[in-house]
Amino acid sequence: MTAVFSHGRLRLYLLKLLDDGPKHGYELIRLLEDRFLGLYAPSAGTIYPRLQRLEAEGLVSHTAAGGRKTYDITDAGRAELRQRADELAALEADIAASVADLSTLAGEIRSEVRGSVRDLKRELTEATRQTRRTRWEAPPPPRPTPADGPRATLLDDFDQRLVAFTAEVGRLARSRQFSDTQLRTAIRLLDGALDGLRRLLR
């Protein structure tokens, strides 16, 4: 769970979301994900136990239809929201700051990944040009074996860079004490970079 929701603040925000109208648990999860621009989404195991506690305290109620529970805030829940209006305003400000931080981090990681992909594409383009020049200027060389030839050298360089990239990303992830949300964002970005490389190398 993101740090802005520590110390029971998630329950307060759930009341705030339900004050806008009845919702089922999945809707609440999607609303929270949208609020964090897709960079954080609570699990069902985070949301449903809190809804059950809020219901036990008389702050929300539920109706069941089609195997799905829809939750609604009660008068007692609205009274708590009014009593904690200052806390809710501070929470909204913290969420806005957290989203800005997460967006900045995501942008930095995207820039680094784009830079790595650009470098790789530039090197592959240059290697292709070099190979074409060699074909025009000299007789075709014998088919390279794994131990020799420009392609083997390029593949060795690629392997070394891939190992160094993996090690550096792993070192950064462990040394900076990333939150679970930041690690999930980094994983999404790495998946995006992999998709980009697949398209490039088809």
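In this predicted model, the chain exposes about 13,300 Å², and carbon and sulfur atoms supply 54% of that area. Of its 202 residues, 29% count as buried. Among contacts between residues at least 6 apart in sequence, 63% join residues at least 24 apart.

The chain contains seven helices and three strands. Read along the sequence, these elements follow the pattern α-β-α-α-β-β-α-α-α-α. The table lists some of them.

| Element | Residues |
|---|---|
| Helix α1 | 9-19 |
| Strand β1 | 23-24 |
| Helix α2 | 25-35 |
| Helix α3 | 44-56 |
| Strand β3 | 68-73 |
| Helix α4 | 75-83 |

Helix α1 and helix α4 pack at an angle of about 115 degrees, and their axes are 10 Å apart. The crossing of α1 past α4 is left-handed. On the α1 side the contact is made by R11, L12, L15, K16 and D19, and on the α4 side by G77, R78, E80 and L81. Sorted by class, the residues of this contact are three nonpolar, one polar and five charged.

In helix α2, the residues G25, L28, I29, L32 and E33 are buried. Because they cover an arc of only 135 degrees around the axis, they lie on the same side of α2. An α-helix has 3.6 residues a turn, so residues three or four places apart point the same way. After α2 comes L37, which has a positive phi, near 55 degrees.

Notes:
Residues are numbered from 1 along each chain as its sequence is written. This is a predicted model: local features need pLDDT of at least 70, side-chain atom pairs count only at pLDDT 80 or more; totals for chains, interfaces and linings use all residues. Side-chain values use heavy atoms; hydrogens and water are left out. Axes are lines fitted to C-alpha atoms, for helices over the stretch in contact, and angles run from 0 to 180 degrees between N-to-C directions. Helices (H or I, at least four residues) and strands (E, at least two) are DSSP runs, numbered from the N terminus. A crossing is left-handed if the near helix is turned anticlockwise from the far one by less than a right angle, and right-handed if clockwise. Contact means heavy atoms within 4.5 Å. Ala, Val, Leu, Ile, Met, Phe, Trp, Tyr, Cys and Pro count as nonpolar, Asp, Glu, Lys and Arg as charged, and the others, Gly among them, as polar. Buried means under 20% relative accessible area, exposed over 50%, partly exposed in between (1.4 Å probe, protein chains only). The arc is that of the directions from the helix axis to the C-beta atoms. Accessible areas come from the Shrake-Rupley method with a 1.4 Å probe; for residues, only the protein chains shown count as cover.
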